[in-house]
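Biologist: I would like to go through the labels on this model one by one. For each, please set the value against its cut-off.

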Amino acid sequence: MDRSLLTGGGRARSFTSTAVLCAATLVVLLPVLIATARAMGSGWLPVGDNGFMYIRTKDVFSSDPPLLFMSSLGCEIEDPCNHPGPLLFYVLALPTEVLGRSGLAVGAAILNSVCIVGIALLARRLGGTVAGL
């Protein structure tokens, strides 16, 4: 079987489509990277929900790790409920432990960037280069 049929018409076309997809993905990543750089450069402090996230990510390596996520405002006051689990605390714990309070912003940027790249690759895989864009 001719492999050029599977790869979309040859090496040059595949390289061009990959370069265009990478450039488009970088454009989508720019707001995430700029916001993170601004947060770190301006001495961002986690307040409100971000402050609670910071406290709970610091608790991951303590003797009292989080077992539930933050409580939800979508529930009745008499019947409180929580989100499914504390996985986000555990994902953000290492950057927060290493970088302090700015680690929360860096960890969120890394997580968002991985998701953006994953979506672009999955869209390209399922629908071709045009879908990946």
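This is a predicted model: local features need pLDDT of at least 70, side-chain atom pairs count only at pLDDT 80 or more; totals for chains, interfaces and linings use all residues.

Modeller: Residues are numbered from 1 along each chain as its sequence is written, and side-chain values use heavy atoms, with hydrogens and water left out.

Biologist: What makes Arg56 and Asp59 a salt bridge?

Modeller: Their side chains meet at 2.9 Å, N to O. The limit is 4 Å, so the pair qualifies. Arg56 and Asp59 are 3 residues apart in helix α3 (residues 49-59), so about one helical turn separates them. Helices here are DSSP runs (H or I, at least four residues), numbered from the N terminus.

Biologist: Why is Arg56 called buried?

Modeller: Its relative accessible area is 18%. Buried means under 20%, exposed over 50%, partly exposed in between (1.4 Å probe, protein chains only), so Arg56 is buried.

Biologist: Which residue forms a salt bridge with Lys58?

Modeller: Glu97 does, with the closest N and O atoms 3.7 Å apart. This pair links distant parts of the chain: Glu97 is in helix α4 and Lys58 in helix α3, 39 residues apart. Glu97 has 40% relative accessibility, so it counts as partly exposed. Lys58 is at 30%, so it is partly exposed too.

Biologist: Where does α4 bend?

Modeller: At Ala93, by about 40°. The bend is the angle between axes fitted to the seven residues ending there and the seven starting there. Pro95 follows within four residues. Just after α4, Gly100 takes a positive phi of about 75°.

Biologist: What makes up the largest nonpolar core?

Modeller: Met53, Val60, Phe69, Met70, Phe89, Leu92, Ala93 and Leu104, 8 residues in all. A nonpolar core is a set of buried Ala, Val, Leu, Ile, Met, Phe, Trp, Tyr and Cys residues joined through side-chain atoms within 4.5 Å.

Biologist: Why is Leu26 called exposed?

Modeller: Leu26 has 52% relative accessibility; the cut-off is over 50%, so Leu26 counts as exposed. Leu26 lies in helix α2 (residues 11-41).

How values were computed. Helices (H or I, at least four residues) and strands (E, at least two) are DSSP runs, numbered from the N terminus.
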